[in-house]
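Thank you all for making time this morning.

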Amino acid sequence: MIGALAIPAFLRPLRRGFVLLALLVGAAFVLSSCKEKLPPCPLVRVQAPLNQITKFAPGAPMAEENVVYASRIRGVAIKCTYAEVKARANAKGQGASDTMEVLLKISFETLRGAAGSGSEVQAEYFVAVTDRRKAVLNREVFQVELPLPAGRGVATTEQEAWMDFELEGRTGLAFEIYVGF
């Protein structure tokens with residue numbers, strides 16, 4: 001026989017098991033590739049100079065000895081959910097909306113300045129959603145408590161921010177999210 005392999009006699013009883021195993025592995029591969037893939041999240045941008053802030057003592061000149069604190073946005077993680085996908089999974093089946101919910105986890109790093117006192121300070125940061133032409137579609141301001149480290153150390157904190165916006169038939173790639181002070 002050309003192209004056929006001779007199966008040793010001691011393996012012949014296992015042949016059915018090998019065929020069944022190969023079929024099961026192939027079926028699992030096919031089924032796993034059939035999962036519905038979620039559309040992509042928007043691109044997140046944290047750009048200078050909006051990624052950092054330095055606060056000076058009120059009424060004092062802008063000098064190093066008058067710095068209360070300096071903070072920067074160290075990073076942003078994003079998780080998005082499409083309401084359309086959630087609606088299809090909903091047992092009520094009330095139809096799909098065209099909305100994206102975005103959860104941002106924002107990491108801050110803060111230094112105490114020479115004029116700093118207390119264990120924390122209040123700061124504000126913003127999250128803005130734009131289209132690809134940079135037109136602002138949604139903008140929200142959030143409060144964050146930034147811990148002040150003792151001495152000259154660095155304190156880190158993380159905060160979550162939620163936003164949702166209309167997709168209008170587009171995917172997350174049609175939008176950008178900007179985060180800054």
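When I speak of accessible area, I mean the area given by the Shrake-Rupley method with a 1.4 Å probe. On that basis the protein, which please remember is a predicted model, exposes about 11,900 Å², and carbon and sulfur atoms supply 58% of that area. Of the 181 residues in the protein, 31% are buried.

If we take the contacts between residues at least 6 apart in sequence, 70% of them join residues at least 24 apart.

Now to the cysteines: how many disulfides does the count come to? The count comes to one disulfide, and this one joins Cys 41 to Cys 80, with an S to S distance of 1.8 Å. The pair links distant parts of the chain, since Cys 41 sits in the loop between helix 1 (15-33) and strand 1 (43-45), while Cys 80 belongs to strand 3 (residues 67-82), 39 residues apart. The torsion about the S-S bond of Cys 41 and Cys 80 is about -100°, and therefore the disulfide is left-handed.

Are the two partners buried or exposed? Cys 80 counts as buried because its relative accessibility is 11%, which lies under the 20% cut-off. Cys 41, by contrast, has a relative accessibility of 25% and so counts as partly exposed.

Key:
Residues numbered from 1 in each chain as written. Predicted model: local features only at pLDDT ≥ 70, side-chain atom pairs only at ≥ 80, totals over all residues. Heavy atoms only, no water. Disulfide = S-S within 2.5 Å. Helix = DSSP H or I, 4+ residues; strand = E, 2+ residues; numbered from the N terminus. Buried < 20%, exposed > 50% of the residue type's maximum accessible area, 1.4 Å probe, protein only. Contact = heavy atoms within 4.5 Å.
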